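Me: I would like a close look at one residue and what surrounds it. Please take it step by step.
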Amino acid sequence: GLPIRKNMISVIINYHGKVIKIKAFRDTGNSLIDPISGEKMLVISHRIASELTGLSKEELAAPINTISEGRVRGLWLVPFSSVGNAEGLMLAIRFSDVLLEGKHVSIVAALAAEGLNDYDALIGG
């Protein structure tokens, strides 16, 4: 098989009966912290976020409107800034049934409105 890359982490998210297996890139430059819990966050691509929550790319890109519509429960806003972009807001949600490298965890995920290059998800280093 393919060599296992040290910087790729196996993540399996089970959310409302949907189970999605992804590889997260360990990004040492990703220091996104949830201001509410203080936890490091997983950032998931708009494609995976849409698959899990049913939110469209447009809804992910308009986080304040999306929260006020209330279609998906448990969302909140997290501030972020990235290279080449001004500061903004992203939707966040807690996934309580996650296998991270084979360990059961509860994790806070930021839902990206844009692609993450070739990755399904990024996790802090």
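Which backbone atom lies 3.1 Å from a polar atom of the side chain of T53?

Reply: The atom is the backbone nitrogen of L55, which lies 3.1 Å from a polar atom of the T53 side chain. This is a predicted model, in which local features need pLDDT of at least 70, side-chain atom pairs count only at pLDDT 80 or more, and totals for chains, interfaces and linings use all residues. Residues are numbered from 1 along each chain as its sequence is written, and side-chain values use heavy atoms, with hydrogens and water left out.

The T53 side chain also reaches the backbone oxygen of A49, at 2.7 Å. A polar contact here is a pair of N or O atoms within 3.5 Å; within protein, one must be able to donate a hydrogen and the other to accept it, and residues adjacent in sequence count only if both atoms are side-chain atoms. T53 belongs to helix α1 (residues 46–53). Helices (H or I, at least four residues) and strands (E, at least two) are DSSP runs numbered from the N terminus. T53 is buried because its relative accessibility is 11%; buried means under 20% relative accessible area, exposed over 50%, and partly exposed in between (1.4 Å probe, protein chains only).

Leaving aside residues up to four places away in sequence, T53 touches Y15, V72 and L111, where contact means heavy atoms within 4.5 Å.

Rings of Phe, Tyr and Trp (its six-membered ring) pair if their centres lie within 6.5 Å; planes under 30 degrees apart are stacked, over 60 edge-to-face, and the rest tilted. Y15 and F95 have ring centres 5.1 Å apart and planes at 80°, so this pair is edge-to-face. Y15 is in strand β1 (residues 8–15) and F95 in strand β5 (residues 85–100), 80 residues apart. Both are buried: Y15 has a relative accessible area of 11%, and F95 is at 0%.

The strand that holds Y15 also has a partner: β1 and β2 pair in the antiparallel sense over eight bridges, pairing being at least two DSSP bridges between two strands. The two strands form a hairpin with two residues between them, and H16 in the turn has a positive phi of about 50°. Within this pairing, S10 has K23 in β2 as its bridge partner.
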